[in-house]
Amino acid sequence: MLTIEHIASGSAGNAILVDDGESSLLFDAGLSYNQLRKRLLSKGYLLSDLSGILITHEHNDHCKAVEALLMTGRSVYMSRGTAEAKAYMPSMYKQLTSMKEYEIGSFNVKPLDVFHDAAEPMGFLFVSKNRPVKGVYIADTSEIPYKFNGVTHWIIECNYAEDILERNTHNEILKQRIRKSHMSFEGLKLFFQQMKEEGGLSETKQITLVHLSDSNSNEAKFIKELQQLTGVPVYAPRN
Ligand SMILES: [Zn+2]
Ligand SMILES: [Zn+2]
């Protein structure tokens with residue numbers, strides 16, 4: 001069993017908590033420290049309950065609370081590139097290297113390189129040591145060039161639909177930037193199609209879509225079509 005708590009999702013801020021019943025991890029902290037503390041509390045968690053806070057990259061919608069978290073002595077994990085981009089002191093954070101494995105609470109976590117306009121952005125594969133849980137958290141990325149098997153829970157960006165972006169955005173430079181740094185609905189569909197054909201969805205229990213664009217996404221369509229394609233429940237929380 002895995003509990004997934006949506007603390008914040010979208011371009012205004014991202015933070016998501018996973019709890020395997022033994023320990024909990026927070027992925028991203030893109031809201032103010034006070035908001036984060038309050039929203040965690042409303043779900044029954046204290047910051048001191050978290051075994052680790054893992055940050056994908058230096059953009060504010062993912063790391064707004066990080067400075068305060070570091071100052072209060074929390075265990076915050078990130079790549080060296082992310083920390084350097086924010087000038088965090090090396091002694092204050094825990095450095096992650098992609099493709100290495102880290103034991104954090106009852107989880108083994110493996111950072112993955114992702115593709116985004118940031119210094120050293122990462123996604124995370126997390127496996128519970130004691131429960132049948134294997135999860136993927138991938139926020140801002142334009143591509144997922146990895147093969148996975150046995151994943152039970154996907155938490156993954158679905159930022160925009162190509163036709164809506166084309167219709168809404170007339171600034172070519174901005175459009176290119178979005179395409180190069182965020183996951184499209186079409187790209188994600190293709191990814192899950194391939195996963196399905198290769199048997200990579202056989203253990204999947206649920207898919208959570210995160211980081212939907214306010215203006216360029218269609219939540220109902222994303223959920224319906226991905227549910228049809230994968231045959232598992234798809235959620236797209238927003239707050
Ligand atoms: Zn970003
Ligand atoms: Zn973002």
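Predicted model: local features only at pLDDT ≥ 70, side-chain atom pairs only at ≥ 80, totals over all residues.
**The six-stranded sheet**

Strands S1 to S6 make up an open sheet of six strands in the order S1-S2-S3-S4-S5-S6, and the pairing within this sheet is mixed. Strand S1 (3-8) and strand S6 (94-96) are the edge strands; each has a single partner strand, so one side of each is left without a neighbour in the sheet. Direction ignored, neighbouring strands of the sheet are turned by 25° against each other on average.

Within this order, strand S4 (residues 50-54) pairs with strand S5 (residues 76-79) in the parallel sense, over two bridges. Ile53 has Val76 in S5 as its bridge partner.

**Strands S9, S10 and S11**

Strand S10 (residues 134-138) pairs with strand S9 (residues 122-128) through four bridges, and the two run antiparallel. S9 and S10 form a hairpin, with five residues between them. Strand S10 is also joined by four bridges to strand S11 (residues 153-157), and this pair runs parallel.

Tyr137 of S10 takes part in both pairings: Phe124 stands opposite Tyr137, and Ile155 in S11 is the bridge partner of Tyr137. How far is strand S10 enclosed by the rest of the structure? Four of its five residues are buried, so S10 is largely enclosed.

Most residues other than glycine have a negative phi.

His211 is found in the loop between strand S12 (206-210) and helix H8 (219-230).

Are these residues buried or exposed? Ala87 has 8 other C-beta atoms within 10 Å and is exposed, because a residue counts as exposed if 12 or fewer such atoms lie within that distance. His211 has 27 other C-beta atoms within 10 Å and is buried, the cut-off for a buried residue being 20 or more.

Technical notes
Residues numbered from 1 in each chain as written. Chains lettered and ligands numbered in written order. Pairing = 2+ DSSP bridges. Axes fitted to C-alpha atoms, helices over the stretch in contact; angles between N-to-C directions.
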